[in-house]
Each structure stands twice: as structure tokens, then as C-alpha cells.
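The sequence and structure are shown first.

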Amino acid sequence: MWSVTTLLCVAGTVFVYAVVRRLYLRYKHPLINVVGLSAAVVISALLLLDVPYAAYEPARKIMTALIGAATVSLALPLYRYRKLLLRHAVAIIVSVGAGAFVAMFSAGLIAQSGGLPREVVMSILSKGVSIPFAVEVAKIYDGIPSLAAAFVVATGTLGSLLGVWTLNLARVNSPFARGLTLGTISHAQGTAAALQEGEEAGAMAGLAMILAGILTAAFAPPVVWLLRAVA
């Protein structure tokens with residue numbers, strides 16, 4: 001049986017998420033990032049109430065157990081927009097591939113130029129994709145899996161926050177383009193941000209997230225070779 005503390009933590013987290021999501025849908029301000037702001041509020045509440053993370057851990061496990069079902073549910077909007085996806089298949093693959101490659105190479109080049117250790121450079125390469133992909137890439141190239149996961153979380157938060165703001169600034173209004181961009185640069189968090197904008201944007205983001213993960217794994221060998229060549 002779940003303890004009262006666990007149930008309160010789950011209820012509190014869901015409540016905070018619901019409030020922040022409502023605020024975002026009402027004001028559409030890029031600083032009202034659903035994931036980032038919700039996490040900040042929950043962490044602040046735990047600190048103020050002096051609740052240790054060990055007490056919150058069971059609640060986290062309950063909520064993260066639903067991630068698999070939530071990910072699978074992304075197949076529904078993909079199915080609904082399958083004709084649109086097939087019609088623009090080449091453009092989607094090329095654009096997501098270009099975005100994934102540039103994201104990897106630029107991150108590695110900046111880290112390498114800054115004199116960071118090789119294991120850190122290898123850990124940051126796959127920052128734009130979901131954690132399972134990033135961790136495996138880091139393992140293969142002697143990176144640090146835990147650091148790779150941290151880069152993924154940071155990239156997702158910043159990407160979903162600044163990505164929406166940048167797209168608004170650039171006056172990119174197409175749900176198709178916005179979804180592909182957010183899914184490519186900030187994986188699940190970008191997809192969540194895209195879903196807030198509508199089903200079409202969410203479908204494109206979900207597809208881009210999947211493609212970016214696969215292509216990042218495929219691009220890792222040439223990117224690592226290029227970084228060694230310019231070192």
C-alpha cells in the first residue's frame with residue numbers, strides 16, 4: 001500500500017502541473033514552461049517543507065511508470081496525420097537529419113574548443129535526444145552516462161523554453177515546422193511543448209523525436225571522426 005506521504009506527493013505534483021499548464025494555455029508566455037516551471041515549484045515546495053527526496057522517490061516511481069504509456073499514446077496523432085507525413089517524408093527526414101547532425105557536431109566542437117575533457121565531449125554529443133539514446137551513445141564512446149543524461153534534461157528544458165520563444169520571434173507559424181523543430185532539438189520536453197500548441201505540432205514533434213534519436217545514433221561515428229580530425 002502507498003503511504004499518505006506518497007499519495008500527497010503525487011497529488012501535489014499533478015496539481016502543480018495542472019495549474020502551470022492552465023497558466024500556459026491562458027497566457028502562452030514562453031517563460032511559463034510547463035515542465036521547467038512545474039519542476040521548480042515542486043522542488044521549492046519540497047525544500048520549504050523539508051521533505052527529503054527519499055520520501056518523494058516512491059511518488060516519482062508511480063508517475064514515471066506512466067511514461068511508457070504516454071510515449072505509446074503519441075502514435076495516435078501520428079496515425080491521424082499519416083497522409084501528411086507520407087507526403088512530406090523526404091523533407092522530414094532531411095530536415096530532422098540536418099538538425100540532429102548540426103546539433104551533435106556543434107555541441108561537440110564547442111565543448112572540445114573549450115578544452116573540456118574527452119569524456120565530457122562524448123557525453124554532450126547526444127544531448128538533443130531522449131535519455132536511452134544518449135546514454136547508449138555515451139557508453140560506446142567512453143562518455144559518462146549520468147552526465148549525458150544531465151545534458152539531455154538541461155537541453156530539453158532550455159529547448160522547450162527558448163525554442164518556442166525563438167520560433168515566435170522568427171514568426172514561424174506553421175504547426176508542421178514548429179513541431180519538427182521542437183521534437184528535433186529538445187526530445188520529449190519539446191514534444192510536450194508542441195502538444196500544448198495542438199495535435200498537428202505534437203504529431204510532428206513526436207515523429208522528429210523518434211527520428212532524431214535514430215539518426216543521432218547513426219551520425220555518432222562520423223561526428224566523432226570529424227571532431228578528432230579538427231582537434
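## The second largest cavity

In this predicted model, the second largest cavity has a volume of about 50 Å³. Its lining consists of Ala100, Ala103, Met104, Leu125, Ser126, Lys127, Gly128, Val129, Thr184 and Thr216. By class, five of these lining residues are nonpolar, four are polar and one is charged. Helix H7 (residues 89-113) supplies the largest share of the lining, three residues.

## Helix H7

H7 has 25 residues, which at 1.5 Å a residue should span 36 Å; the C-alpha atoms at its ends are 36 Å apart, in agreement with that expectation. After the helix comes Gly115, which has a positive phi, near 80°.

Which residues of H7 are buried? They are Ile92, Val96, Gly97, Ala100, Met104, Ala107, Gly108 and Ala111. The packing partners of the buried residues of H7 are helix H6 (82-87), helix H8 (118-124), H11 and H12.

## The largest cavity

The count of cavities of 30 Å³ or more comes to two. The largest cavity has a volume of about 120 Å³. Fourteen residues, written as 14 in the count, line the largest cavity, and those closest to its centre are Ile32, Asn33, Val34, Ser160 and Ala193.

The elements that contribute two or more residues to this lining are H1, H2, H10 and H11. H11 provides the largest share, four residues. The lining of the largest cavity has ten nonpolar and four polar residues, with no charged residues.

## Helix H11 and Thr191

Helix H11 also contains Thr191. Is Thr191 buried or exposed? Its relative accessible area is 3%, and Thr191 is therefore buried, given that the term applies under 20% relative accessible area.

Leaving aside residues up to four places away in sequence, Thr191 touches Leu74, Gly183, Gly202, Ala205, Gly206 and Met209.

## The largest pocket

The volume of the largest pocket is about 1,900 Å³. It is lined by 41 residues, and Val35, Met63, Thr64, Ile67 and Gln189 are the closest to its centre. Two or more lining residues come from each of helix H1 (4-27), helix H2 (34-48), helix H3 (53-64), helix H4 (67-72), helix H9 (131-140), helix H10 (145-169), helix H11 (175-197) and helix H12 (199-230).

H2 gives the most to the lining of the largest pocket, namely eight residues. In terms of residue class, this lining comprises 29 nonpolar, ten polar and two charged residues.

## The second largest pocket

The second largest pocket holds about 230 Å³ of space. Its lining is formed by 13 residues, with Leu8, Cys9, Ala45, Leu46 and Leu49 lying nearest its centre. H1 and H2 are the elements that give two or more residues to this lining.

Which element gives the largest share of the lining of the second largest pocket? H1 does, with six residues. The lining of the second largest pocket divides into ten nonpolar and three polar residues, and no charged residues are found there.

## The chain as a whole

The protein chain contains twelve helices and zero strands. Its pattern along the sequence is accordingly written α-α-α-α-α-α-α-α-α-α-α-α. The C-alpha atoms fill a box of roughly 55 × 45 × 35 Å along the principal axes. For 231 residues, a compact globule would have a radius of gyration near 17 Å, and the 19 Å of the protein chain agrees with this.

Of the 231 residues in the protein chain, 39% are buried. Among contacts with a separation of 6 or more, 68% are between residues 24 or more positions apart.

How values were computed. Residues are numbered from 1 along each chain as its sequence is written. This is a predicted model: local features need pLDDT of at least 70, side-chain atom pairs count only at pLDDT 80 or more; totals for chains, interfaces and linings use all residues. Side-chain values use heavy atoms; hydrogens and water are left out. On a 1 Å grid over the protein atoms alone, a cavity is a set of points where a 1.4 Å probe fits but cannot get out, and a pocket is an open set with protein on both sides within 12 Å along at least five of seven lines; lining residues have an atom within 4 Å of a point. Grid points are joined across faces, edges and corners, and a volume is the space filled by probe spheres set on the points. Ala, Val, Leu, Ile, Met, Phe, Trp, Tyr, Cys and Pro count as nonpolar, Asp, Glu, Lys and Arg as charged, and the others, Gly among them, as polar. The expected span of a helix is 1.5 Å times one less than its number of residues. Buried means under 20% relative accessible area, exposed over 50%, partly exposed in between (1.4 Å probe, protein chains only). Contact means heavy atoms within 4.5 Å. The radius of gyration is taken over C-alpha atoms; the globule rule is 2.2 Å times the number of residues to the power 0.38.
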